[in-house]
Amino acid sequence: MVLEIDSSRGEGGGQMVRTSTALATLTHTVTRLIRIRENRPTNGLSRQHITAVNAVAAMTGSTVTGNVLGSSELLIEPGDEMVPEITVDVGTAGSVSLVAQAALLAAKNYKTPFKLDIIGGTNVMWAPPIDNYNLVLFPLMKRMGIDAECKIYERGFYPIGGGHIEIVQQPIGKIAPLTLDTLGELKRIKGLCFVQHLSDRIVSEMTDACTRVFQNKYPLEIEVERCEGTSRGAGMVLVAEYENGLLSSNVLSSKGHSPRQTGLDAASDLLQEMRAGSTLDIHTADQLLPYMAMAEGQSRFTVTRISKHLLSQMDTLESFLDVRFGVERRDDGYHFTVNPGASGS
């Protein structure tokens, strides 16, 4: 029996490939993906997707067919290995965060710690910065009983990449549900301004612009990190820490995006998120949803909008797992419930 998934549905991007590959190995389901990224400007698998699939296959002893550049179909035949440590090189500035997303999910059933060593892009467009893992994603996963930590040795920016990280995830037992009905009181706002092989002036302009937006209305702490690596770049990540949750924003500086504008945008984006009524940002929701779908009970959260990414993630999870999602539109956003084992309730 082969589960066939039309990968052009919904958002139709790489997330469906990454999640499907990981879940196929977790559930021991032979899976065929068809029409991969059919509606994207560049169809089929990219280097980043190939790397994620190969990582999952290497960890689990799975066999994959069609995992080549531009392929529109992929067959995953799950193995039964639990390789404790793998090293991966994307070979481009492709996101290490997205590769890690698939590999860490595939390691859900491991009985020993899993170590993932990756070279690629740590801070690139259209992907969560690796900083969000330690600052937002991993702290929230910790509340669910999942313990992971990331070390950043070098940062990698477009187009060179060359960033180097290491993630260690401890064995996962039962996953606790995550309930984010309200955020509670704001404790502080912290920021990380990073720069690699660029002038300190860039740091000053980013941090000064960011600080002016908050105008002492909120407690703000910004840490500056000067990095060494093969590529050049700079950016900022901000996190609002509440009693019950975390909200974040991130912006990269570039030739068309000045350091001052980077600082302004990072602060403005976070303020907008804080005022919108969400209890989880949309990108973190994408990444936490698979764990919520396997938790021992109902999880709840609120987002300001429903992205195509989130819809695709829900669709994919329902294809592999016994889970049902509920969504209710209210004045303060979209209230989600995640109900594992729904058919047996």
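A residue is called buried here when its relative accessible area is under 20%, exposed when that area is over 50%, and partly exposed in between, with a 1.4 Å probe and protein chains only. The model on screen is predicted, so local features need pLDDT of at least 70 and side-chain atom pairs count only at pLDDT 80 or more, whereas totals for chains, interfaces and linings use all residues. Residues are numbered from 1 along each chain as its sequence is written, and side-chain values use heavy atoms, with hydrogens and water left out.

**Start at Ser7.** Select Ser7, which sits in the loop between strand 1 (3-6) and helix 1 (14-27); helices (H or I, at least four residues) and strands (E, at least two) are DSSP runs, numbered from the N terminus. Ser7 counts as buried because its relative accessibility is 0%.

**Go on to Thr51.** Thr51 belongs to helix 2 (residues 47-60) and, with 7% relative accessibility, also counts as buried. Leaving aside residues up to four places away in sequence, Thr51 touches Val88, Asp89, Val90 and Val99, where contact means heavy atoms within 4.5 Å.

**Select the core around Phe114.** A nonpolar core is a set of buried Ala, Val, Leu, Ile, Met, Phe, Trp, Tyr and Cys residues joined through side-chain atoms within 4.5 Å. The largest one has 81 residues, and Phe114, Ile118, Phe138, Leu288, Leu289, Met292 and Phe301 have the most contacts inside it. Helix 3 (residues 96-106) gives the most to this core, namely eight residues. Among the residues that Phe114 touches, beyond those up to four places away in sequence, are Met59, Val83, Ala103, Leu104 and Ile167.

Display the four strands that form an open sheet with mixed pairing, in the order 10-9-11-12; two strands pair if DSSP finds at least two bridges between them. Strand 10 (220-227) and strand 12 (246-253) each have a single partner strand and stand at the edges, so one side of each is left without a neighbour in the sheet. Ignoring direction, neighbouring strands of this sheet are turned by 15° against each other on average. Strand 9 (residues 186-196) and strand 10 pair in the parallel sense over eight bridges, and the bridge partner of Lys190 in strand 10 is Glu221.

Helix 6 (residues 259-276) lies across strand 9, strand 11 and strand 12 and runs at about 160° to strand 12. Its buried residues include Gly263, Ala267, Leu270 and Met274, and what covers the buried residues of helix 6 includes helix 5 (200-214). Just after helix 6, Gly277 takes a positive phi of about 100°.

**Finish with the cysteines.** The structure holds zero disulfides, a disulfide being a pair of cysteine sulfur atoms within 2.5 Å. The sulfur of Cys150 lies 13 Å from the closest cysteine sulfur, in Cys227, and this is too far for a bond. Cys193 is in no disulfide either, the nearest cysteine sulfur being that of Cys210, 8.8 Å away. Cys150 counts as buried at 5% relative accessibility, and Cys193 counts as buried at 0%.

Methods: Axes fitted to C-alpha atoms, helices over the stretch in contact; angles between N-to-C directions.
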